[in-house]
Number of protein chains: 2
Amino acid sequence: MEHGEGIERCEYMHVHEKIVAQVNANMPDEEILYDLAELFKIFGDSTRIKILYVLFESEMCVCDIAQLLGMTQSAISHQLRSLKQSKLVKYRREGKTVFYSLADSHVRTILDQGIEHVME
Amino acid sequence: MEHGEGIERCEYMHVHEKIVAQVNANMPDEEILYDLAELFKIFGDSTRIKILYVLFESEMCVCDIAQLLGMTQSAISHQLRSLKQSKLVKYRREGKTVFYSLADSHVRTILDQGIEHVME
DNA sequence: ATAACAAATGAACAATAGCTCATATATAAT
DNA sequence: ATTATATATGAGCTATTGTTCATTTGTTAT
């Protein structure tokens, strides 16, 4: 599927074709863009953001997270599943209990930048 | 609405109460969390991410963006509206044409961190 | 004023997401 | 084996979201 085919057009492109070439050169592959959007979707829910903030302080089991956030075990478990799939959290089992923790330092940077933006 | 009330509980909290205090101290306000989630929702769509990548190269009018991405003017305009509301892009009018550009340097940092994460 | 073009907008529709409820799985203790 | 506890999961419901289509608004030229 080529760009700009079968689509209504303006009279002419305002932007210089050199810019067009740069855009095409620097645009990440479709697959990366898809993964990137999927990643940010994970950050796009305040329950999951809360879970991440909780885990900034300490690794924690599902039930403790649920109590801290005042939500059901099921809801938290479902969200941890998403976070796990995105490799934002990791877990270890200890008997009946599963402890979750942050998998990655990007989480902090991404949330911090987000906070900076919304605080402006 | 207080945390942990009316919600099923585990037998006991595994985590130390000192940690609980830290969580409560460092958790951003509900309003900030809401705004933060709204912001990341904007990044959670590949069309909008593409628009941002386009604008990394140059300011550009709606129609040029639409052609570059092979999408309709309407779809792009709707997405630019979201981006505008989140203060991620700004615009200037020049005759019939409206030129959009990035509003903020956080956009780059956030996307770069996201790319780093998904590339790992 | 009228025609033409660029952009914005509202309604409608399909697809997706988050929560609840019920249930299943995993582990430990009796 | 049975019971109890912690976690995971699937189905169902409601709410939200991205696109298309039709239309409107804003600006310029005739």
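Student: How many helices and strands make up the secondary structure of chain A?
Tutor: This is a predicted model, in which local features need pLDDT of at least 70, side-chain atom pairs count only at pLDDT 80 or more, and totals for chains, interfaces and linings use all residues. Residues are numbered from 1 along each chain as its sequence is written, while chains are lettered from A and ligands numbered from 1 in the order in which they are written. Helices (H or I, at least four residues) and strands (E, at least two) are DSSP runs, numbered from the N terminus. From that end the elements of chain A run α-α-α-β-α-α-β-β-α, and the count is six helices and three strands.

Student: Why is chain A described as more spread out than a compact globule?
Tutor: The C-alpha trace of chain A spans about 65 × 35 × 25 Å along its principal axes. The radius of gyration is taken over C-alpha atoms, and the globule rule is 2.2 Å times the number of residues to the power 0.38. For 120 residues that rule gives 14 Å, and chain A is more spread out because its radius of gyration is well over this, at 20 Å.

Student: What percentage of the residues of chain A count as buried?
Tutor: A residue is buried if 20 or more other C-beta atoms lie within 10 Å of its own, exposed if 12 or fewer, and partly exposed in between, with C-beta atoms placed from the backbone. Of the 120 residues of chain A, the buried share is 35%.

Student: What is the strand order of the open sheet in chain A?
Tutor: Two strands pair if DSSP finds at least two bridges between them. Strand 1 of chain A pairs with strand 3 of chain A in the antiparallel sense over two bridges, and Met60(A) has Tyr100(A) as its bridge partner there. The three strands form an open sheet with antiparallel pairing, in the order 1-3-2. Strand 1 and strand 2 (89-94) of chain A each have a single partner strand, so one side of each is left without a neighbour in the sheet; the strands at the edges are strand 1 and strand 2.

Student: In chain B, which residue in the turn of the hairpin has a positive phi?
Tutor: Strand 2 (residues 89-94) and strand 3 of chain B run antiparallel and are joined by six bridges. Val89(B) stands opposite Leu102(B) in strand 3. The hairpin of these strands has two residues between them, and the one with a positive phi of about 65 degrees is Gly95(B).

Student: Which helix of chain A gives the largest share of the side that touches chain B?
Tutor: Two residues are in contact if their C-beta atoms, placed from the backbone, lie within 7 Å. The contact takes 60 residues from chain A and 61 residues from chain B. By class, the side of chain A has 31 nonpolar, 18 polar and eleven charged residues; Ala, Val, Leu, Ile, Met, Phe, Trp, Tyr, Cys and Pro count as nonpolar, Asp, Glu, Lys and Arg as charged, and the others, Gly among them, as polar. The largest share, ten residues, comes from helix 2.

Student: What kind of axis relates the two copies?
Tutor: Copies are superposed by least squares on the C-alpha atoms of residues with pLDDT of at least 70 in both. Chain A can be laid on chain B with an RMSD of 0.0 Å by a turn of 180 degrees and a shift of 0.0 Å along the axis. The copies are therefore related as by a two-fold rotation axis.

Student: Is Glu57(B) buried, exposed or partly exposed?
Tutor: Glu57(B) lies in helix 3 (residues 46-57) of chain B. Leaving aside neighbours within four places in sequence, Glu57(B) is in contact with Ile19(A), Gln22(A), Val23(A) and Asn26(A). With 19 other C-beta atoms within 10 Å, Glu57(B) is partly exposed.

Student: Which element gives the most to the surface near DNA strand C?
Tutor: A residue is near a strand if its C-beta atom, placed from the backbone, lies within 6 Å of it. DNA strand C is surrounded by 26 residues, and the closest are Cys10(A), Gly95(A), Cys61(B), Cys63(B) and Ser74(B). They divide into eight nonpolar, eleven polar and seven charged. The most, six residues, comes from helix 5 of chain B.
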